[in-house]
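Hello,

Here is the structure I promised to pass on to you. Have a look at it first, and then read my notes below.

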Amino acid sequence: MAAEGTGHHGPMEQFEIKKIIDLDLLGHDISFTNSSLMMVLAFAVIVGYMLFAMRGRALVPTRIQSTAEVVYEYIAGMVKENIGEEGMKFFPWVFTIFIFILVLNIFGLIPGNFAVTSHIIVTFALAAMVWLVATFVGFWKHGVSYLKLFAPSGVPLWLMPIIIPIELTSYLIRPISHSVRLFANIMAGHTMLEVFAGFAVLLPWWGKIAPTGFMVAFTGLELLVAFLQAFIFTVLTCIYLNDAVNMHH
Amino acid sequence: MDPQAAKFIGAGLACFALIGAGIGIGNIFGNYLSGALRNPSAAASQFTNLLIGFALAEATGLFGLLIALIILYG
């Protein structure tokens with residue numbers, strides 16, 4: 001993300017995965033990479049922060065405890081609003097998804113760090129997990145009648161041959177749109193920062209001011225995007241789960 | 001035409017998808033703002049819906065960007 005000094009690096013080079021420890025399992029490459037390192041770091045920061053913030057478990061929270069409680073209540077409110085009381089069964093999972101993506105996004109913004117969520121395979125794995133869980137919950141709760149999701153009530157019968165394929169396609173495309181949204185936002189933002197960092201390196205001193213100022217402003221915007229995308233990913237997770245649990249349609 | 005040049009032109013054309021995303025996002029935020037100014041008390045309750053609409057509109061544009069990236073690097 002930061003300018004590397006020479007200006008010979010392309011803007012896409014920041015997304016390169018580097019192996020740190022070479023590992024091999026039955027012919028599969030399971031090396032510990034910079035991506036894995038960032039994920040482990042994010043995990044350690046989340047667990048460390050939560051344990052540290054909640055160590056007192058005071059009725060009247062200390063300042064750091066109330067920050068942890070704000071995050072908890074925010075996601076709990078989102079789950080209750082979208083799925084209802086029944087959805088609180090899924091709360092630990094939804095909370096984990098939110099805070100994991102949020103911390104990874106913000107980690108990626110620190111200059112020189114690797115942005116894990118800018119790789120589609122990471123976001124696709126998360127989105128595919130959400131989709132599989134939602135589909136499984138739907139069939140487990142409603143049985144075969146979960147298929148009624150694709151035939152909304154109140155639609156005239158002659159429209160059904162058009163509506164059902166559309167609904168089915170939009171359901172099957174969910175993991176793709178869900179993952180591409182997060183991946184493309186983070187990747188586009190980081191590429192943009194890198195391009196402007198390249199301007200700042202190549203131009204003479206009087207030309208460095210504008211791109212540098214833009215980068216500062218844009219990093220602020222990226223911080224907003226980092227939160228917003230984690231939020232949207234979580235809200236859509238709740239909406240998909242709501243379809244599965246309550247079948248509003 | 002040089003295939004490399006055609007590739008770049010194609011990637012540029014794929015970015016036209018962002019026009020639609022721009023119109024969509026502008027529409028959503030503009031309408032939210034005018035609605036919020038008419039009835040500020042209802043604005044907070046619709047903020048989540050605003051962000052969902054924003055995300056859905058943005059995703060369509062990002063699909064175009066994705067095509068451009070696939071053309072360039074795929």
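One definition to begin with: a residue is buried if 20 or more other C-beta atoms lie within 10 Å of its own, exposed if 12 or fewer, and partly exposed in between, with C-beta atoms placed from the backbone. Gly22(B) counts as partly exposed because it has 13 C-beta neighbours inside 10 Å.

This is a predicted model, in which local features need pLDDT of at least 70 and side-chain atom pairs count only at pLDDT 80 or more, while totals for chains, interfaces and linings use all residues. Residues are numbered from 1 along each chain as its sequence is written, and chains are lettered from A and ligands numbered from 1 in the order in which they are written.

Confidence
The model has an ipTM of 0.71 and a pTM of 0.83. For chain B, the mean pLDDT (the predictor's confidence in each residue, from 0 to 100) is 87, and 100% of the residues reach 70 or more. Helices here (H or I, at least four residues) and strands (E, at least two) are DSSP runs, numbered from the N terminus.

Chain A
Chain A contains seven helices and four strands, and from the N terminus their order is β-β-β-β-α-α-α-α-α-α-α. Its C-alpha trace spans about 70 × 55 × 45 Å along the principal axes. Of the 249 residues in chain A, 29% are buried.

H3(A) (residues 91–109) has buried residues that include Val94(A), Ile97(A), Phe98(A) and Gly108(A). Among the elements that cover the buried residues of H3(A) are H1, H2, H4, H6 and H7 of chain A.

H7(A) (residues 209–246) has 38 residues and reaches 54 Å from its first C-alpha to its last, close to the 56 Å expected at 1.5 Å a residue; the expected span is 1.5 Å times one less than the number of residues. After H7(A) comes Met247(A), with a positive phi near 50°.

How do H2(A) and H7(A) pack, and at what angle? Their axes are 9 Å apart, at an angle of about 35°. Axes are lines fitted to C-alpha atoms, for helices over the stretch in contact, and angles run from 0 to 180 degrees between N-to-C directions. The residues that meet include Ile75(A) and Met78(A) from H2(A), and Thr234(A) and Val235(A) from H7(A). In that contact, nine residues are nonpolar, three polar and none charged. Here Ala, Val, Leu, Ile, Met, Phe, Trp, Tyr, Cys and Pro count as nonpolar, Asp, Glu, Lys and Arg as charged, and the others, Gly among them, as polar.

Chain B and the interface
Gly22(B) sits in helix H2 of chain B, and its C-alpha atom is 8.4 Å from that of Ala57(B), 35 residues apart along the chain. Cys15(B) lies in the loop between H1 and H2 of chain B. Leaving aside neighbours within four places in sequence, Cys15(B) is in contact (C-beta atoms, placed from the backbone, within 7 Å) with Gly64(B), Leu65(B) and Ala68(B).

Between the chains, the contact takes nine residues from chain A and 10 from chain B. The chain B side divides into eight nonpolar, one polar and one charged.

Best wishes

Technical notes:
Contact = placed C-beta atoms within 7 Å.
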